[in-house]
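Have a look at the sequence and the 3D view first. A short tour comes after that.

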Number of protein chains: 2
Amino acid sequence: MNPTVVIVGAGFGGLRVARALRRSPVQVILLDRNNYHLFQPLLYQVATAGLEPEQIAKPVRAILRGQQNFDFRMAEVTGADLAARRLETSAGPIPYDYLVLAPGGETNFFGLDAVARHGLGLKDIGDAVSIRNHVLTCFEQAMLEPDPERRRARLTFVVVGGGPTGVEMAGALSELIQLVLVKDYPRLNIKDVRVLLLEATDRLLGTMPERLREAAGRTLWRKHIEVRFGATVADFDGVRVRLKSGEIVPAHTVIWAAGVKAATLNTRLGLPAGRQGRIVVEPTLQVPDRPEVYVVGDAAYLEVDGAPLPMVAPVALQMAQTVARNIARATRGAPPEPFRYRDPGTLATIGRNAAVAHLYGLQFTGFPAWVMWLVVHIIQLIGFRNKLFVLLNWAWDYFFYERAVRLITRD
Amino acid sequence: MNPTVVIVGAGFGGLRVARALRRSPVQVILLDRNNYHLFQPLLYQVATAGLEPEQIAKPVRAILRGQQNFDFRMAEVTGADLAARRLETSAGPIPYDYLVLAPGGETNFFGLDAVARHGLGLKDIGDAVSIRNHVLTCFEQAMLEPDPERRRARLTFVVVGGGPTGVEMAGALSELIQLVLVKDYPRLNIKDVRVLLLEATDRLLGTMPERLREAAGRTLWRKHIEVRFGATVADFDGVRVRLKSGEIVPAHTVIWAAGVKAATLNTRLGLPAGRQGRIVVEPTLQVPDRPEVYVVGDAAYLEVDGAPLPMVAPVALQMAQTVARNIARATRGAPPEPFRYRDPGTLATIGRNAAVAHLYGLQFTGFPAWVMWLVVHIIQLIGFRNKLFVLLNWAWDYFFYERAVRLITRD
């Protein structure tokens, strides 16, 4: 019988490992607590009423329907006996010959419990729909609020974190308000609305070249987003944000895009965690002393040139290729190869016709960068149907200045 | 100042009243606890993973954006002082000159508390998504269940009620399973799956002519649906359905399409309720002794030729026209006119190329009826974007034998 490869997580990394092993002499079992793969880079568009959640998700069984050596289990990992090569799950124990851990990341509130309780993260469909519901509800409630102070607090939206997610979120939120909601609320005074983007350091999009960072800053300014540098959130009680400087910002909304940590799988497996809860791996992506256990994506801690690899999709996808190749090599007795990361660069869109792109050393801004962003995301989105529906949605919103999914659904 | 018309409910009836008053010298305030209008006739397609909820809903503010004399409040009615002409709501008191009650209907479990607790209704987006999640989860769990008895119970789906909703639900559910899920679960034994349709009387689609009822029965049989006549549910504990006859059907799923009652608004308003919790109205749709209060749709109890009007969309839409006209007449001192119902007939689809239609006295079955069903529903769906996306979805599913929205989202 062929050896069994158990993969935990159906994100970019886990799915890619499963696909890359389709012709290898192994049996693949993929586990996820959800029955779908989610295209996280577009989550912020679900949060800002531009896309429907179903358009950026696809059932795992549908994606890998044709693959003979593949099986899916909707289950959560509860523990493991690594010595006995057995995973404990909500669907019972699953023995493996090779184990691939690709659990992805989750929002890191850095121990700020109050912010975690009242603020909004952006890592899964539930998060995105919660943000959409919350933002739209703030507008509905603001229309009923006679007190101007309290009305402004309901219409103040604080986005924390100046990386690509925070920048994209702030840009999309501002466009939703300035282009669409103003039409829905003719009695709204747009001067009552504020979108703040807080960044702890002195720069947005820290990994990008200066020219692109400045272009991004100018675009945010044109979109009426107040960017604050050196601003760190200390507390949030649901109606007031307290900054470390002591300043109080009355606001009902804090969207947290300031940090990611590895999903808390390692503790359940008894594996030692490095920084951000990530599992330290060998250059071959194997766990030290457990050559049959591999880690892929956000959960893997590997330093390259003295710095840890970032928690982004390209790292996960490339790691997945290496892990699949190393497992295939192991089945024929060949030694594993080390992982080499080729950084494709970074892209961030800030709204209509505006983006910054740093790809393979080249820099783009404005409309050309926006077109590149669009093409890259449509290509990577899984499934022709999703591509078609997302493109149609974008075209519709672009030409009619719309965001159609302005529904407040009950939680 | 123009008189104020307050409308409760943004369903077919309430929305139509608001629109029909657009040129009248009145100020219209529409209340709903949701911020969207929902096209309920297609809810069963959301429940069977065919459509995305966002495609059959549209924000009320977006629908009535251009109407000058219109305002929307997202709020719930908590009470009223009818003598003082004031509605009490979660958004504070709202005085009115004319009040239109169009709260719609809700699932009627006829006092079967256990069924209400464990069974699934189908009246709003939350219901539909719950059915979708539940059905798909049953399949995931069945794949992990080694015991054949228990596996079959997880794969037994009981639809209660042989009216249009029950017939459409059973047909769509059976197609989801027979055409789509068999491909997702290659290890599934299709003989383990059962779809039962229980009807208390001796006929399906009771209001339709015999020829159409028989055509519907044959189609359901071809789709492997077990239709049981004279079958009434007495109890359901989540794993076993007990019929009144004493028979036990092991099943994890009961979808309840057996009854509707008026939304429980009347008790909060101190209005006397008739059968099914509906408010007895004059032929002019006014509440007796309260000529400034009108009732529209499911909540209105009015007998025509000795039988109460059914709780269906055409009644609500036509009542809305009459109420809008009567309010316009009242503003210029003219007496109200009585409501006259013109029954357009009934349509029910049972799946691909199969439907029955009884329209203006004419009878259609099979493919022609199916095309009529499709055209009627697309025309009535509000908003060009929704029409486009639903049509695209239907075309996709039709040609590729697909149901794309097979996501289990967390509650």
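Here is a walk through a few spots in this predicted model.

## Ground rules and confidence

Residues are numbered from 1 along each chain as its sequence is written, while chains are lettered from A and ligands numbered from 1 in the order in which they are written. Because this is a prediction, local features need pLDDT of at least 70, side-chain atom pairs count only at pLDDT 80 or more, and totals for chains, interfaces and linings use all residues; side-chain values use heavy atoms, with hydrogens and water left out.

How does chain A score? Its average pLDDT (the predictor's confidence in each residue, from 0 to 100) is 94, and 100% of the residues reach at least 70. For the model, ipTM comes out at 0.91 and pTM at 0.94.

## How the two chains relate

## A pair of helices

Helices here are DSSP runs of H or I with at least four residues, strands are runs of E with at least two, and both are numbered from the N terminus. In chain A, the axes of α11 (residues 366-380) and α12 (residues 384-400) come within 10 Å and cross at roughly 150°. The axes are lines fitted to C-alpha atoms over the stretch in contact, with angles from 0 to 180 degrees between N-to-C directions. α11(A) and α12(A) are therefore roughly antiparallel, a label for angles over 145 degrees.

F110(A) has a positive phi of about 50° without being a glycine. F110(A) sits in the loop between β10 (105-107) and α4 (113-118) of chain A, and is exposed at 53% relative accessible area (exposed is over 50%, buried under 20%, partly exposed in between, using a 1.4 Å probe and protein chains only). Y360(A), also not a glycine, has a positive phi of about 50°; Y360(A) is exposed at 67%.

Is F339(A) buried or exposed? At 8% relative accessibility, F339(A) is buried. Beyond its neighbours within four places in sequence, F339(A) has contacts including P283(A), L285(A) and M319(A).

Terms used: Parallel < 35°, antiparallel > 145°, perpendicular 65-115°, else oblique. Contact = heavy atoms within 4.5 Å.
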